Amino acid sequence: MLGWLLAAYGLHLLLYLGLAVLVFTGHNRARVVAMSFASVSILLSFADYALNGAQITLRTSLVSVTIDILILLALSSTQARHYASARGASRIRRRERRP
């Protein structure tokens, strides 16, 4: 059972790593997906707090909620949107120049 949980967590980390690489290379859809994952994670933490009374402490989920909020703020900025659109446009221009 523990093996399956660790494998699922490893797959989750690989997905986030892949999204980070795609965001860095300027894929706008990856930026939107990463923001969506961060929003869902924040909402799940809030739902756990509101419905089950789970405390948000350093030992439980304070660090992950903080990181998700920072990711959401960073990727939703105007500069991030301009970066993704500029990188995407340069990728398209390079593709069009190829014979």
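Me: What runs count as helices here, and how are helices numbered?
Reply: The model is a predicted one. A helix is a run of at least four residues, of type H or I, and the numbering starts from the N terminus. The runs are those given by DSSP.

Me: Which helix supplies the largest share of the nonpolar patch?
Reply: The patch covers about 680 Å² and is made by Phe-46, Tyr-49, Ile-56, Leu-58, Leu-62, Val-63 and Ile-67. Both α2 (28-52) and α3 (62-75) supply at least two of its residues. The largest share, 3 residues, comes from α3.

Me: Is Ile-56 buried, partly exposed or exposed?
Reply: Ile-56 is one of the residues that make the nonpolar patch, and it lies in the loop between α2 and α3. Buried means under 20% relative accessible area and exposed means over 50%. Ile-56 has a relative accessibility of 37%, so it counts as partly exposed.

Me: How far apart are the end C-alpha atoms of α2, and what span should its 25 residues have?
Reply: At 1.5 Å a residue, the 25 residues of α2 should span 36 Å. The expected span takes one less than the number of residues. The separation of the end C-alpha atoms agrees with this, at 36 Å.

Me: Which residues of α2 are buried?
Reply: To be buried, a residue needs a relative accessible area under 20%. In α2, the residues that count as buried are Ala-30, Arg-31, Ala-34, Met-35, Ala-38 and Ser-45.

Me: Which element gives the most to the lining of the largest pocket?
Reply: The largest pocket holds about 310 Å³ of space. Its lining includes Tyr-9, His-12, Phe-37, Ser-64 and Asp-68. The elements that give two or more residues to this lining are α1 (2-24), α2 and α3. With 4 residues, the most comes from α1.

Me: What distance in space separates Ala-54 and Ala-74?
Reply: Ala-54 lies in the loop between α2 and α3. Its relative accessibility is 25%, so Ala-54 counts as partly exposed. Ala-54 and Ala-74 are 20 residues apart in sequence, and from C-alpha to C-alpha they are 27 Å apart.

Me: Is Gln-79 buried or exposed?
Reply: Gln-79 has its place in helix α4 (residues 78-97). In space, Gln-79 is 26 Å from Leu-13, C-alpha to C-alpha. The relative accessibility of Gln-79 is 67%, and the cut-off for this class is over 50%. Gln-79 therefore counts as exposed.

Technical notes: Residues numbered from 1 in each chain as written. Predicted model: local features only at pLDDT ≥ 70, side-chain atom pairs only at ≥ 80, totals over all residues. Heavy atoms only, no water. Patch = residues over 30% accessible without salt bridge, like charges linked within 9 Å, V, L, I, M, F, W, Y side chains within 5 Å. Areas by Shrake-Rupley, 256 points an atom, 1.4 Å probe, with all protein chains shown as cover. Salt bridge = Lys/Arg side-chain N within 4 Å of Asp/Glu carboxyl O. Buried < 20%, exposed > 50% of the residue type's maximum accessible area, 1.4 Å probe, protein only. 1 Å grid on protein atoms, 1.4 Å probe; cavity = no way out; pocket = protein on both sides within 12 Å on 5 of 7 lines; lining within 4 Å. Points joined across faces, edges and corners; volume = space filled by probe spheres on them.
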